[in-house]
Amino acid sequence: LYMGGAFFGEEIILALLGGKWVAVTSLFQMLCLSQMVIAMGMINGVIHTAQGRPHWNLRFLITMTTLMLGAMLIAVPYGLDALAWPWLVLYVPASIVWTVITLHTLRMSIGRYLQSIAAPIIGALGVMLVVSAMPPLFRAIPLIEWGPIPMLIQIIGTAAILYGAYLVCFE
């Protein structure tokens with residue numbers, strides 16, 4: 001979902017919010033990029049709690065909340081797009097480090113972890129690249145009026161079919 005938002009942010013914003021919101025497109029896309037990484041580390045707190053260390057997750061969350069609050073206050077005067085930068089340059093690296101710490105407690109190598117997530121990420125990226133080439137082809141069909149909502153429906157439908165085919169073939 002986040003990858004779709006990163007690739008098709010403008011289409012999503014136009015279809016769901018309208019043209020007056022198009023200025024938030026880059027912010028939305030950057031937040032989707034950062035959330036892809038952050039979402040992969042959401043299990044870390046559960047793992048540490050299950051291992052008897054819930055305080056580790058509490059410390060991480062308190063630290064990140066404090067740092068993000070300060071970073072957001074610094075970013076606000078620089079405009080709307082600047083609000084995404086704390087997520088990209090602060091929270092994403094911290095989430096990666098937190099995941100590495102979690103992997104260490106599980107005695108799992110980073111290579112093994114990356115190998116386990118590579119196939120779905122490559123599949124989703126491939127689907128997004130193919131689907132991103134589709135809107136010009138859709139617009140070439142003269143019988144259909146491709147407004148924002150029909151275009152978004154077509155993008156989502158094509159992505160779902162392609163990713164479903166990927167799962168059937170490679171999983």
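1. Basis of the values. The model is predicted, so that local features need pLDDT of at least 70 and side-chain atom pairs count only at pLDDT 80 or more, while totals for chains, interfaces and linings use all residues. Residues are numbered from 1 along each chain as its sequence is written, and side-chain values use heavy atoms, with hydrogens and water left out.

2. Overall fold. The protein has 9 helices and 0 strands, where helices (H or I, at least four residues) and strands (E, at least two) are DSSP runs numbered from the N terminus. Its C-alpha trace spans about 60 × 45 × 20 Å along the principal axes. Of the 171 residues, 33% count as buried, a term that means under 20% relative accessible area, with exposed meaning over 50% and partly exposed in between (1.4 Å probe, protein chains only). Among contacts (heavy atoms within 4.5 Å) with a separation of 6 or more, 68% are accounted for by residues 24 or more positions apart.

3. Helix H5. This helix covers residues 54-75, and its 22 residues reach 31 Å from the first C-alpha to the last, close to the 32 Å expected at 1.5 Å a residue; the expected span is 1.5 Å times one less than the number of residues. Asn57, Phe60, Met64, Met68, Ala71 and Ala75 are its buried residues. They lie on the same side of H5 because they cover an arc of only 70° around the axis, the arc being that of the directions from the helix axis to the C-beta atoms. An α-helix has 3.6 residues a turn, so residues three or four places apart point the same way. On the other side of H5, Leu58, Arg59, Thr65, Thr66, Leu69 and Leu73 are exposed. The buried residues of H5 pack against helix H4 (43-50) and helix H6 (85-105).

4. The H4 and H6 pair. The axes of these two helices come within 10 Å and cross at roughly 35°; axes are lines fitted to C-alpha atoms, for helices over the stretch in contact, and angles run from 0 to 180 degrees between N-to-C directions. The crossing is left-handed, in the sense that the near helix is turned anticlockwise from the far one by less than a right angle. Asn44, Gly45, Ile47 and His48 of H4 make the contact with Ser95, Trp98, Thr99, Thr102 and Thr105 of H6. These residues divide into 2 nonpolar, 7 polar and no charged, where Ala, Val, Leu, Ile, Met, Phe, Trp, Tyr, Cys and Pro count as nonpolar, Asp, Glu, Lys and Arg as charged, and the others, Gly among them, as polar.

5. Thr105. This residue of helix H6 counts as buried because its relative accessibility is 19%. Leaving aside neighbours within four places in sequence, Thr105 is in contact with His48, Gln51, Arg53 and Trp56.

6. Helix H2. In H2 (residues 9-16), the buried residues are Gly9, Ile12, Ile13 and Ala15, and what covers them includes helix H1 (2-7), helix H3 (25-40) and helix H9 (148-170). Gly18, which follows H2, has a positive phi, near 100°.

7. Cys32. Found in helix H3, Cys32 counts as buried because its relative accessibility is 6%. Not counting residues up to four places away in sequence, Cys32 touches Tyr2, Gly5 and Ala6. The C-alpha atoms of Cys32 and Tyr163 are separated by 19 Å, with the two residues 131 residues apart along the chain.
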